[in-house]
Amino acid sequence: MKPFEITRIGLEDWPKCGAIWNMAAFPYTEKFREQIRAGNREVYILTVDGTYIAECDLVKDNPEYGTVPGRRLYLSRLIVRRDCRGQGYGRALTAHLLDLALERGYREIALGVDKENAPALGLYRSLGFAVYEEAEDQDGEFYRMEKKLRE
Ligand SMILES: CC(C)(COP(=O)(O)OP(=O)(O)OC[C@H]1O[C@@H](n2cnc3c(N)ncnc32)[C@H](O)[C@@H]1OP(=O)(O)O)[C@@H](O)C(=O)NCCC(=O)NCCS
């Protein structure tokens, strides 16, 4: 893993995440864009020498994601550029956002992950997330996981 920076970006820079994932092919790009515009989705990126390597978002104040203002956040859209996976960047970015959530006084953070997604499940489990529910939507079967940040 090379030295990296983690920063929050706004809507104006979000299209640069096209260097990480295919924004045109992803079904929820427009929905996410609206959430960023509305202020319910904070986008964080990990860069190495200014190059976009990974994205992860924090969703707040949006009942669709089960968030509770000031108490429960939702972690979304964690993705590492394909050729940079397995080097610790995903863990570093997620751990940073967990620290941030704790600093901001949140008590819980939740997420959803496909049942078949072994790398993501391994990462989330090792960071202290546990499955609290099994669910299914148009994208298939998935686990809802959560982590208690404080009592
Ligand atoms: C899931 C993802 C974000 C992990 O990022 P990464 O930078 O590759 O992961 P890291 O190198 O930081 O590894 C962290 C942990 O993830 C798990 N992991 C990563 N790659 C794995 C693999 N191929 N198989 C099993 N576990 C794996 C391990 O627990 C690993 O910890 P370890 O190195 O101590 O064993 C990345 O694989 C990715 O972008 N996948 C596609 C998008 C996605 O599925 N996002 C999650 C949506 S819920």
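**View 1. The shell around the ligand, by class.** The shell holds 9 nonpolar, 7 polar and 2 charged residues. Here Ala, Val, Leu, Ile, Met, Phe, Trp, Tyr, Cys and Pro count as nonpolar, Asp, Glu, Lys and Arg as charged, and the others, Gly among them, as polar. The model is predicted: local features need pLDDT of at least 70, side-chain atom pairs count only at pLDDT 80 or more, and totals for chains, interfaces and linings use all residues. Numbering starts from 1 along each chain as its sequence is written. Of the 18 residues around the ligand, Arg-85, Gly-90, Arg-91, Pro-119 and Gly-122 come nearest. Two or more shell residues come from each of β4 (72–80), α2 (89–103) and α3 (118–126). The most, 6 residues, come from α3. Helices (H or I, at least four residues) and strands (E, at least two) are DSSP runs, numbered from the N terminus.

**View 2. The open sheet.** Its 7 strands follow the order β1-β2-β3-β4-β5-β7-β6, with mixed pairing. Two strands pair if DSSP finds at least two bridges between them. The edge strands, β1 (5–9) and β6, each pair on one side only. On average, neighbouring strands are turned by 30° against each other, direction ignored. Axes are lines fitted to C-alpha atoms, for helices over the stretch in contact, and angles run from 0 to 180 degrees between N-to-C directions.

**View 3. Strand β7 and its partners.** β5 (residues 108–114) and β7 (residues 140–148) run antiparallel, joined by 7 bridges. Asp-114 has Phe-142 of β7 as its bridge partner. β6 (residues 130–137) also pairs with β7 in the antiparallel sense, over 7 bridges. There, Val-131 is partnered by Met-145. β6 and β7 form a hairpin, with 2 residues between them.

**View 4. The largest nonpolar core.** This core has 29 residues; Ala-54, Leu-73, Leu-75, Ile-109, Leu-111 and Met-145 have the most contacts inside it. β3 gives the largest share, 5 residues. A nonpolar core is a set of buried Ala, Val, Leu, Ile, Met, Phe, Trp, Tyr and Cys residues joined through C-beta atoms within 7 Å. Buried means that 20 or more other C-beta atoms lie within 10 Å of a residue's own, with C-beta atoms placed from the backbone. Not counting residues up to four places away in sequence, Leu-111 touches Tyr-74, Leu-75, Tyr-124, Phe-129 and Met-145. Touching residues have C-beta atoms, placed from the backbone, within 7 Å.

Technical notes. Near = placed C-beta within 6 Å. Buried ≥ 20, exposed ≤ 12 C-beta atoms within 10 Å, placed from the backbone. Contact = placed C-beta atoms within 7 Å.
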